[in-house]
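User: I have a model open and would like to go through it. Can you take some questions?
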Amino acid sequence: MSKSVKGLVLKDIKLIISQMKLLFVLMVVWAIFLAGSMRMTFFVGYVAILCSFLTLSTVNFDEAENGFAYLFTLPISRKDYVFEKYLFGFLLTTVPYVVIAALSWAALVIWQAAEANLVEYIVSISLSLPAAYFLLVLEIPLQIKFGQQKSRILTVVMVGCMSACLGVIAMLSELLGSAVETVSSFMGLGAGMLALITAGIIAVLFVLSYKISCKIIEKKEF
Amino acid sequence: MIRMDNVLKQYDNFRLECSMQVPVGQVTGLIGRNGAGKSTAFKAILGLIHTDGGTVEVFGKDVAELTQADREKIGVVLSDSGLCSWFTIRDFIPVLDTMYADFSREIFMAECERLELPLKKKIKDFSTGMKRKLQILVALSHDAKLLILDEPTAGLDVVARDELLGLLREYAENGDRSIVISSHISSDLEGICDDVYMIDNGKIVLHEDTDVLLNEYGLLKVTDAQYEKLDKSYLLETKKESFGYSCLTNQRQFYQDNYSSVVIEKGSIDEVITMLAKRRLGGKVDE
């Protein structure tokens with residue numbers, strides 16, 4: 001990792017830490033879910049989507065008060081900046097997802113041991129991560145292109161996306177067990193192969209989105 | 001260090017056409033009124049805007065081809081942009097330490113303490129002067145070879161301004177470093193710059209060594225009768241006044257020697273700006 005990308009990752013980590021109130025709210029909501037409905041799969045999806053949303057908020061912070069101008073006088077190329085956003089977004093979505101998924105599984109095992117089934121659990125939470133990645137690859141170019149001025153509209157769109165994603169995840173997670181079986185048997189594919197194909201599609205989307213974002217930022221003036 | 005050749009940038013209501021050079025070891029001032037094009041020129045030098053013509057070279061390279069290592073050698077203060085205001089200085093130190101090979105954490109923290117900048121307070125809660133001091137300290141913190149400072153003293157009180165100009169003079173003493181600086185406060189530039197460019201309406205209208213400007217330029221205040229008899233060969237600008245005429249010259253000594261009865265004021269950057277800018281504004285001027 002280059003010095004500039006490392007510095008930008010550090011900056012974004014500090015930025016997220018400075019917004020700890022939001023993370024605290026996240027933890028409280030998680031605790032409520034934990035103690036209440038036990039719908040862990042929904043909550044794991046919620047964490048993934050919210051974390052991808054946090055990445056987008058770092059772009060907003062960078063742009064605030066014409067901050068891009070100063071940022072690009074530091075030893076950072078525009079491509080470094082875009083690359084870091086995707087890297088940071090990937091990490092910020094994946095790491096909390098894995099941690100919360102593990103904790104949620106542990107909670108299930110402790111409090112509902114009789115109903116805990118690892119394979120079913122993994123299948124039921126497997127859709128939320130690609131959904132969060134999809135939100136990321138869709139929104140990063142939009143955020144760079146339209147910036148803070150149109151962020152209110154974007155926020156409405158994103159909240160809509162989040163709700164839609166969560167709704168779809170909640171609905172699909174109920175049906176997913178049978179759906180995976182149907183698709184797998186229809187295409188003659190195993191669950192592992194489906195996961196690989198999904199990972200491939202996500203990787204292609206990341207590359208495409210990154211290239212689009214690079215083009216957008218190269219054209220911008222600050 | 002910096003070379004701008006016929007740089008052109010066209011906006012809807014403004015056009016920058018600018019050529020200037022900042023040699024190694026020189027402190028160059030860029031003066032002009034609000035909206036004259038100073039910030040646009042700086043942004044062109046920093047590659048923050050795309051130009052429509054001409055070339056901008058920094059360290060002998062096209063600005064678009066500057067590497068990360070090249071950019072580490074540039075320290076910048078911008079008039080309309082700064083560090084993320086949600087951070088504290090303490091948050092920023094590891095970021096700067098990672099990005100700049102020559103960043104000195106100890107010196108930076110000591111300077112923050114000396115300039116009474118709190119490390120744990122969010123930058124959004126800083127006063128304008130504190131924000132400015134911080135930007136200048138960051139620009140000076142990583143052993144840059146080139147400082148590009150757009151209005152670095154704006155918002156500072158007299159004491160803080162003197163303090164910071166002292167820092168810049170100290171920085172410039174090392175012969176291989178250059179500074180290009182803009183300011184509305186002409187005394188800042190008179191005290192520190194080797195030469196000055198004046199920009200007006202996007203064009204460079206004057207380039208002169210500061211010593212020449214201060215020692216050889218002058219403002220003649222003459223009555224109508226005196227004006228009639230005056231040799232006008234060395235007058236750069238003339239303005240009609242209630243008492244007669246104000247005339248800007250770059251040959252003050254000539255008029256002092258030959259017109260002992262004429263009131264002649266010593267040249268200053270303020271006089272030059274006033275006289276040259278009024279011409280563009282359509283002030284009554286004899287050509």
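User: What area is buried between chain A and chain B?
Analyst: This is a predicted model. About 2,700 Å² is buried between chain A and chain B, and carbon and sulfur atoms give 59% of that area. On the chain A side, A:Lys3, A:Tyr70 and A:Pro75 supply 27% of what chain A buries against chain B, more than any other three residues.

User: How many residues are in contact?
Analyst: 30 residues of chain A are in contact with 31 residues of chain B.

User: How many salt bridges across the interface?
Analyst: The rule finds two between chain A and chain B. In one salt bridge, the side chain of B:Lys9 meets that of A:Glu221 at 2.7 Å, N to O.

User: Which helix gives the most to the side of chain A that touches chain B?
Analyst: Helices H1 (3–18), H4 (67–71), H5 (78–111) and H9 (191–219) of chain A each supply at least two residues to that side. H1(A) gives the most, with ten residues. By type, the residues on that side are eleven nonpolar, eight polar and eleven charged.

User: Now the fold. How many helices and strands in chain A?
Analyst: Chain A has nine helices and zero strands. Of its 222 residues, 46% count as buried.

User: Switching to chain B: is B:Thr210 buried or exposed?
Analyst: B:Thr210 is buried, because its relative accessible area is 2%, under the 20% cut-off. B:Thr210 lies in helix H8 (residues 210–216) of chain B. Leaving out residues up to four places away in sequence, B:Thr210 touches several residues, including B:Leu189, B:Cys193 and B:Val196.

Technical notes: Residues are numbered from 1 along each chain as its sequence is written. Chains are lettered from A and ligands numbered from 1 in the order in which they are written. This is a predicted model: local features need pLDDT of at least 70, side-chain atom pairs count only at pLDDT 80 or more; totals for chains, interfaces and linings use all residues. Side-chain values use heavy atoms; hydrogens and water are left out. Helices (H or I, at least four residues) and strands (E, at least two) are DSSP runs, numbered from the N terminus. Buried means under 20% relative accessible area, exposed over 50%, partly exposed in between (1.4 Å probe, protein chains only). Contact means heavy atoms within 4.5 Å. Buried area is the accessible area (1.4 Å probe) that two parts lose on being put together, summed over both. A salt bridge is a side-chain nitrogen of Lys or Arg within 4 Å of a carboxyl oxygen of Asp or Glu. Ala, Val, Leu, Ile, Met, Phe, Trp, Tyr, Cys and Pro count as nonpolar, Asp, Glu, Lys and Arg as charged, and the others, Gly among them, as polar.
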